[in-house]
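Q: I'd like to learn how to read a protein model. Could you walk me through it with an example?

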Amino acid sequence: MAITGPIEDQLAIRALHDNYADAVFRRDATDWGALWADDAVWDLAGHIVNGKESIVGLWQGAMGTFAFVGFFYQTGAIVIEGDTATGRVYTNETLEDLEGNLRRSIGRYEDTYVKRGGTWLYQSRSFSVLKGYS
């Protein structure tokens with residue numbers, strides 16, 4: 001897999017990732033939720049959630065267990081075919097729980113994207129932890 005397809009769509013998908021990371025840092029559920037298709041699927045390390053409303057609910061619950069979340073990413077692949085695309089994103093997260101304990105996670109998202117109303121959204125994200133540090 002490489003990065004292929006119209007440059008304007010590549011840039012829009014990269015902006016989708018930028019907006020995702022920014023919303024995580026700001027802990028903004030409205031902005032974060034706006035990045036998902038209504039019928040999206042999120043596979044969070046084997047815990048599968050269907051539908052944007054349920055996805056946002058899970059995210060809000062998870063974020064409530066952390067005093068701080070730092071989320072950085074690197075695009076690994078984007079393959080665009082019309083109004084759908086697939087991609088891969090590597091993540092680097094620093095997490096501080098409510099007791100002040102720090103841990104770090106290196107992960108990978110395997111994604112599908114859909115372009116609806118001229119806007120690219122996450123159709124599915126499948127996350128796996130590649131390496132965790134305490």
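Q: Leaving aside its neighbours within four places in sequence, which residues is Trp36 in contact with?

A: Contact means heavy atoms within 4.5 Å. Trp36 touches Tyr20, Val41, Trp42, Lys52, Ile55, Leu121, Tyr122 and Arg125. This is a predicted model, where local features need pLDDT of at least 70, side-chain atom pairs count only at pLDDT 80 or more, and totals for chains, interfaces and linings use all residues. Residues are numbered from 1 along each chain as its sequence is written, and side-chain values use heavy atoms, with hydrogens and water left out.

Q: How many residues has the largest nonpolar core?

A: In soluble globular proteins, nonpolar side chains tend to be buried together. A nonpolar core is a set of buried (under 20% relative accessible area, 1.4 Å probe, protein chains only) Ala, Val, Leu, Ile, Met, Phe, Trp, Tyr and Cys residues joined through side-chain atoms within 4.5 Å. Here the largest one has 33 residues, and Trp36 is among those with the most contacts inside it. Helix H1 (7-26) gives the most, six residues; helices are DSSP runs of H or I with at least four residues, strands runs of E with at least two, numbered from the N terminus.

Q: In what order do the strands of the open sheet lie?

A: Strands of a sheet pair through backbone hydrogen bonds, either parallel or antiparallel. Two strands count as paired if DSSP finds at least two bridges between them. In this open sheet of seven strands the order is E1-E4-E5-E6-E7-E2-E3, with mixed pairing. E1 and E4 run parallel, while E6 and E7 are antiparallel, with 13 bridges.

Methods: Buried means under 20% relative accessible area, exposed over 50%, partly exposed in between (1.4 Å probe, protein chains only).
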